[in-house]
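Subject: Structure for your review

Dear colleague,

Please find the structure below, together with its sequence. My notes on what was found in it follow.

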Amino acid sequence: MVRRPSPRAYAAQWVFLAGLIAISGLLIMNLGANLARRNMQFGFGFLAESAHFDIPFHLIEWTLFDTYAKALLVSLLNTLLVSAMSIVAASLLGLLVGIMRLSVNWLVRNLALGFIEFVRNTPQLVQIIFWYLAVLQTLPPPRQSIVLPGGFLLNIRGLYVPNIVMEAGASALPWIAALLVVATPFAWRLKIGERRVGAIALVLPVIALLLVNLAVERIEVPALKGFNIAGGVQVPPELVALWAGLSIYSTAFIAEIVRSSIEAVPKGQREAALSLGLRPFRVLFLVVLPQALRIMVPQMTSQYLNLIKSSTLGTAIAYPEIFQIFAGTVMNHTGKEVEIIIVVMAVFLIVNLLFSAFMNWYNRHVALVER
Amino acid sequence: MNRYVTRFVACAVLAAGALGFAGAGHAADVKSETLDAIKKRDQLICGVDTGIPGFAFQDSAGKWQGLDIAYCRAIAAAVLGDPEKVKYVGTTAKVRFSVLQSGEIDVLIRDSTHTLSRNTDLGLATGAINFFTGQAFMVKKSLNVAHAKELDGATICLITGTTLELNIADYGRANNIKINTLLFDKPEEAFAAAEAGRCDGYTDDGGSVAAARSSMKKPDDWVILPELISREFLGSYCRQGDERWSILVKWVHYAMLEAEVLGITQANIDQIKASATNPEVRGFLGLENDYGKFLGVDNDWAYRIIKAVGNYGENYDKYFGPLALPRGWNELYTKGGLQYPLAWR
């Protein structure tokens, strides 16, 4: 028999809901009244207006005549770029440091401990500014660039990477090529009738390579021109510093998650694997880590979500992410504070919800299925 | 004939009525929410810059100094009789207008440019312009740049949340050059980046660029380019809907200018007051006329302002003299500048 909650419990819930609606209504009305009192209108029409300012670093085309909505997209891509880079770096470093924490070697173990305690207990903003100034202090001015093999140049303005210039009108080709490469392993497993496609699937990346070859017009190598390096793609030091700041800070927390998860795997598992004659490395990677991963995933999810939100600290070191460009420059030029904060919060909410939905899916995928 | 008499009498009665109304009404009739709130709390809350030499900065003893600070002190002296009764709220460029709109501060005196959209779209009332300048560039001397037009391809550091970003983009467009920008939240990081060579120069309002140059490790390594690429006329902001308060803020500025026109300084004001015969001076010092009462303060207000902070020129010399910034546009109108007080009538 299913027990139904008592009518009293229902009543309490309805009262709570009504109270919540009343308070939100009051807040919204208060906002409306205050905006009206200051002769300000509420609305999102400004998003279609021209921005007329420059964004120093953009992944997609940006001109002075683009709209504020495009500025939102450009800055969001910058946020996502640094978040994705940091999540990858922090995970790898965190795994390494977490394993070091459990090493039998005293020096390695305590080095990891010292690193974690130092990084965990200093403010993240200070670390980011430290990395920024450290990066800036060590790099040479543009005219004394460090020349790296492969046409790469490194100076205080950033790392300059040779740019691949596409033929006009061939912008779709690289995407098709990428799609072909991604499709290869799936094609490999595909069955036509009773036969697997198998090695025939390797035709796909070859086609991709040919396509790319067709699309490339020339390779533009960066070179000094006037004040700066012209040509090539610039990776600005702000991106590198923010990347370092976010990754290293999260590494400390992830390392602790890794350590605790490994320790949570029953000791018997390790002993059993060792008694089978497996080497310590194989024990770690084949027996212990796969089981630790299950414990790790939920905690890692919240760590990643924190990292995405912390990317807004890039505003302090001139990295043009969403908080700096949209909640800074755009807010100042349009004066639409309430609307812009709503948009920024909604964007972060959507990004983080999507990300955590993915992590939850992954968690279910790796979770122990109890039979 | 009779008709003329009637008309004359009617006019006279109307005029007398109007005069009587004005005469009986003043002082008590000045209704200002902000002014009442300040008097009640016995403190002025003044929104200022977080720290920029010349305009607003804290000295080694932690005391606020600067031209904008002098205005906060002057308003407090006029309204509350004591220039020390001010609470300073440091605001970044990004949040300054929100802080004002939300009522956290009474007045914003934070080297802020007066613009059309701030006056309309942001719902702000403009006070007085206390500093006329334009956007200027400071670049490393070693780059051998003499004019702003030669900055094609250069990277310039600046503070976000200002009119500067738009000016620089418009200037580049008009002159068919591309100036790259790097936007910082606070001056400290922008200065550090410029110092390290991350950018070729720094841009801000003329006064602030002079201040920035003075805070570089080696000011002589930096040169300020002669062009001003925009009009940045800086002044105070109040909230709309409290006309009388913004009028008072405006006239505090005129009081500091009027004193300079009349040759009254912090040092000689007592002596002048004791022996004043000039009706203009007597009117200014509140010995004649009810100008103070019209504004909602008492007639001694202008005396207290000058006694507390001195006239406009004194403050300019005190805070911008050390930055080697000539007065230029900020000279009195009588000396070819743009600063003028309205008529004290």
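What percentage of the 345 residues of chain B count as buried? The share is 47%. Please bear in mind throughout that this is a predicted model.

**Confidence**

For the complex, the predictor gives a pTM of 0.76 and an ipTM of 0.71. Chain B has a mean pLDDT of 88, with 92% of its residues at 70 or more. The pLDDT falls below 50 over residues 16–28 of chain B, a stretch that has four contacts in the model beyond near neighbours in sequence.

**Chain B as a whole**

Chain B contains 12 strands and 14 helices. Taken along the principal axes, its C-alpha atoms fill a box of roughly 85 × 45 × 40 Å. Of the contacts in chain B between residues at least 6 apart in sequence, 73% join residues at least 24 apart.

**Strand 8 and strand 9 of chain B**

Strand 8 of chain B (residues 155–159) is largely enclosed by the rest of the structure, because five of its five residues are buried. This holds for both faces: B:I156 and B:L158 are buried on one side, and B:T155, B:C157 and B:I159 on the other. Strand 8 of chain B runs parallel to strand 9 (residues 180–184) of chain B, and five bridges join the two. Within this pairing, B:I159 stands opposite B:F184 of strand 9.

**Helix 3 of chain B**

Helix 3 of chain B is mostly covered, with 13 of its 14 residues buried. From its first C-alpha to its last, helix 3 of chain B reaches 20 Å, close to the 20 Å expected at 1.5 Å a residue. After this helix comes B:G81, which has a positive phi, near 80°.

**B:K217**

Is B:K217 buried or exposed? B:K217 is exposed, because 8 other C-beta atoms lie within 10 Å, and a residue with 12 or fewer counts as exposed. B:K217 sits in the loop between helix 8 (206–214) and strand 11 (222–224) of chain B. Its C-alpha atom is separated by 28 Å from that of B:A70, and the two residues are 147 residues apart along the chain.

**Helix 7 of chain A**

In chain A, helix 7 (residues 237–264) has 28 residues, which at 1.5 Å a residue should span 40 Å; the end C-alpha atoms are 40 Å apart, so the two values agree.

**Where the two chains meet**

The contact between the chains involves 33 residues of chain A and 34 residues of chain B. On the side of chain A that touches chain B, the elements giving two or more residues are helix 4 (124–138) and helix 10 (322–334) of chain A. Helix 10 of chain A provides the largest share of that side, five residues. By type, the residues on this side of chain A comprise 15 nonpolar, 12 polar and six charged.

Yours sincerely

Key: Residues numbered from 1 in each chain as written. Chains lettered and ligands numbered in written order. Predicted model: local features only at pLDDT ≥ 70, side-chain atom pairs only at ≥ 80, totals over all residues. Helix = DSSP H or I, 4+ residues; strand = E, 2+ residues; numbered from the N terminus. Expected span 1.5 Å × (residues − 1). Contact = placed C-beta atoms within 7 Å. Nonpolar A, V, L, I, M, F, W, Y, C, P; charged D, E, K, R; others polar. Buried ≥ 20, exposed ≤ 12 C-beta atoms within 10 Å, placed from the backbone. pLDDT = per-residue confidence, 0-100. Pairing = 2+ DSSP bridges.
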